[in-house]
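Visitor: Could we go through this model together? I would like to begin with the sheet.

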Amino acid sequence: MNITAYVVLSGILFTIGCVGVLTRRNAIVVFMCIELMLNATNLALVAFAKQHGNLDGQIAAFFVMVVAAAEVVVGLAIIMTIFRTRRSASVDDASLLKY
Amino acid sequence: MYALQGGESIPVVDPSSADGVFALLWLVVALPLAGAAILLVGGKYTDRWGHLLGTLLPIGSFVISLVMFISVLGRDDSDRQVMQHLYTWIEAGHLNVGMDLLYDPLSALFLLLITGVGSLIHIYSIGYMAHDPRRRRFFGYLNLFVAAMLMLVLSENYLGLFLGWEGVGLASYLLIGFWQHKPSAAAAAKKAFVINRVGDMGLSLAIMMFFVLFGSTSFSVISSAAGNASETQMTVLGLLLLLAACGKSAQFPLQAWLLDAMEGPTPVSALIHAATMVTAGVYLIVRSNFVFELAPNAQTVVIVIAGISILWGAWIGCAKDDIKKALAGSTMSQIGYMMLGAGLGVAGYAFAIFHLLTHGFFKANMFLGAGSVMHGMDDDVDMRHYGAIRKAMPITFLTFAMGYLAIIGFPGFSGFWSKDKIIEVALTQNIVVGLVALLGAGVTGFYMTRLMLMTFFTEKRWSKGVHPHESPAVMTGPLVVLAALSVLGGIMLAGEWIVDFLQPVTGVSEHEDPPIPVLAVSAIAVVVVAIGVAVAWFVFGRHAVPREAPRDVSFVTRAGREEVYGNQINDTLVVNPSRHLTSGLLVTDKRVVDGVLTGGPVAIGAIATIARRAQNGFVRSYALSLLGGALIVVLALLAVNLT
């Protein structure tokens with residue numbers, strides 16, 4: 001089975017996520033882009049698992065999902081708190097921690 | 001028994017184990033040590049009876065020493081050495097040092113001198129220090145002094161000797177600086193301590209060398225193996241030991257502390273000059289005879305140092321107006337005689353010890369006498385303010401006179417016998433050395449007569465309000481005993497007793513006749529002394545002594561008053577160069593070492609100031625750095641895999 005298409009799609013999704021994280025200011029959108037990158041990775045992992053004919057990649061994908069779920073819980077809570085105090089979800093506004 | 005040929009050493013006889021009264025040997029040291037501990041730890045609770053306890057304990061040591069001495073007299077010559085092993089002090093690999101005490105004829109005599117004269121000084125101090133609020137502490141220090149000196153002469157190895165040696169240094173520091181509220185006393189104590197350290201360096205180096213060469217510091221081990229070492233090694237050892245002896249015994253060139261040490265209370269001066277401390281150097285050289293017998297060059301140096309010290313001390317004694325400092329100069333000179341005797345080898349060891357004992361008697365007598373005079377003169381030490389004290393203080397005068405006659409070597413008195421013997425041996429071995437010793441005897445006659453005339457004769461020059469009075473019996477009692485010993489001390493030479501007695505330690509020499517008959521030597525010595533006395537009489541006895549020291553004096557007098565420029569020489573050669581070295585090192589430390597050490601942190605700080613600008617608080621720029629980092633890692637992995 002040829003997995004080229006899957007890998008290419010995974011690459012495209014990852015790049016979109018990456019660019020999104022670097023360019024968007026809204027914290028929620030940044031967050032969504034991170035999810036996109038994680039799932040692009042998952043896609044690549046599952047595709048490679050299919051090619052090698054074993055389950056290693058699929059198991060790794062589950063781990064990534066669990067971690068992503070945990071991260072969403074913590075991340076959304078932080079974003080909510082910041083929004084409540086500063087009335088803004090822009091990541092550029094939260095720049096007090098610096099030299 | 002052991003007739004020495006050149007290059008042969010004296011074997012130490014196998015000592016027997018300590019039984020009978022000798023089992024108490026350790027108590028001799030322990031009693032005064034316990035006294036020091038009780039008085040110094042007990043604090044003010046012991047104030048009321050501290051001086052009595054402090055006096056009784058050395059007397060206890062004296063009684064034990066006396067019993068042991070009598071018991072040893074009844075034994076054979078070869079059976080007069082007793083060793084007591086207390087415990088293993090240091091054990092590490094091949095190194096094994098025991099806390100061993102050795103009682104032999106040499107330490108027997110020292111024990112009697114230290115505890116005997118020491119006890120008398122303790123008794124005297126009860127009266128002398130009666131009005132001092134810190135008298136109890138004074139007695140604690142005195143006991144410590146005596147205990148350390150006893151340890152020094154009783155130890156069977158150099159390490160134990162060193163323990164006592166340092167103890168003596170500590171006690172002398174505490175006692176010289178006893179009146180610490182006087183800056184001069186504090187400085188004098190420090191000076192004595194520092195100069196003694198120079199000598200201690202010699203002793204500690206010698207001990208290390210003993211360890212390396214012989215694997216032991218025990219006298220018996222070293223003396224039996226001494227022949228295996230080369231002459232150069234022995235010469236180095238001898239010179240190191242001589243350096244140590246010079247420090248403790250105030251010999252040239254380490255003599256400068258002795259005169260400043262007069263800042264201490266007078267009984268301390270008596271103790272330092274008669275029973276403890278300065279005699280330690282002579283003891284060290286006589287005890288180390290097995291080293292010096294194999295190092296003729298070192299012996300020559302000892303003789304030269306001794307000769308210089310005899311004249312140097314006498315010179316100081318001639319010019320000082322301070323009664324204690326004049327006596328201190330005389331001590332340096334007399335110790336020079338002992339060193340001379342010790343440097344002359346087997347022929348002189350016994351006489352060095354003999355002179356040490358008689359000097360212990362008459363110098364303690366005169367120092368305590370001087371203390372008694374000061375006591376009556378409101379602690380004035382300037383002899384130009386004395387005069388005609390003989391009527392006011394008859395007992396002090398008479399006892400002092402006995403000491404005076406002994407030190408100048410008046411025929412029949414103890415000093416006559418002991419000094420005469422050293423002069424005789426010196427003349428036999430080397431005519432120049434003999435003449436130096438003779439000259440020293442003449443100068444001794446001069447300065448002691450000067451001291452005697454200015455203090456007890458001539459007209460009254462007392463300060464206003466001073467009413468000399470005789471000291472209490474607790475002070476004059478020891479004076480009388482010491483005066484008797486000063487007169488009769490020569491009895492030890494009867495039938496060459498002291499020579500025979502010390503034979504197991506110092507060996508026997510073939511008796512050589514001096515180039516001129518012995519009687520003629522004595523006669524010449526007496527004549528030389530008489531000339532010295534007569535000159536002193538002409539200078540000081542016939543005219544009124546000015547109350548102020550004359551200013552326009554000859555160079556000789558001026559140099560004498562300045563202690564023959566000993567302090568200036570030290571300043572020029574040692575103190576000032578060291579001071580410059582120190583300030584140079586300080587500058588180097590601040591500029592160079594600190595520069596290197598603080599330079600690193602400063603540079604890192606500067607780099608951090610620039611680098612921390614990357615920490616700008618924008619999450620997206622951090623994300624970019626992350627991405628860049630990840631890219632670099634991936635590219636690096638690719639590059640590695642491709643090659």
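Visitor: Which strands form a hairpin, and how many residues lie between them?
Guide: E2(B) and E3(B) form the hairpin, with two residues between them. Gly93(B), in the turn, has a positive phi of about 60°. Helices (H or I, at least four residues) and strands (E, at least two) are DSSP runs, numbered from the N terminus.

Visitor: Before we continue, what should I know about the model and its numbering?
Guide: This is a predicted model, in which local features need pLDDT of at least 70 and side-chain atom pairs count only at pLDDT 80 or more, while totals for chains, interfaces and linings use all residues. Residues are numbered from 1 along each chain as its sequence is written, and chains are lettered from A and ligands numbered from 1 in the order in which they are written.

Visitor: How many bridges join E2(B) to E3(B)?
Guide: Nine bridges join strand E2 (residues 82-92) of chain B to E3(B), and the two run antiparallel. Ala92(B) has Leu95(B) in E3(B) as its bridge partner, and Thr88(B) stands opposite Gly98(B) in E3(B).

Visitor: And what is the strand order of the sheet?
Guide: The order is E1-E2-E3 in chain B, an open sheet of three strands with mixed pairing. Strands E1 (16-17) and E3 (95-103) of chain B are the edges, each pairing on one side only. Two strands pair if DSSP finds at least two bridges between them. E1(B) and E2(B) run parallel and are joined by two bridges; Ser16(B) stands opposite Val82(B) in E2(B).

Visitor: Why is helix H11 of chain B described as largely enclosed?
Guide: Ten of the ten residues of H11 (residues 278-287) of chain B are buried, so the rest of the structure largely encloses this helix. A residue is buried if 20 or more other C-beta atoms, placed from the backbone, lie within 10 Å of its own. Tyr283(B) and Arg287(B) are among the buried residues of H11(B).

Visitor: What do the buried residues of H20(B) pack against?
Guide: They pack against helices H3 (105-128), H15 (346-376), H17 (394-408) and H18 (414-429) of chain B. Those buried residues include Met475(B), Pro478(B) and Leu482(B).

Visitor: How many residues of chain B are in contact with chain A?
Guide: Eleven residues of chain B are in contact with ten residues of chain A, contact being C-beta atoms, placed from the backbone, within 7 Å.

Conventions. Two residues are in contact if their C-beta atoms, placed from the backbone, lie within 7 Å. A residue is buried if 20 or more other C-beta atoms lie within 10 Å of its own, exposed if 12 or fewer, and partly exposed in between; C-beta atoms are placed from the backbone.
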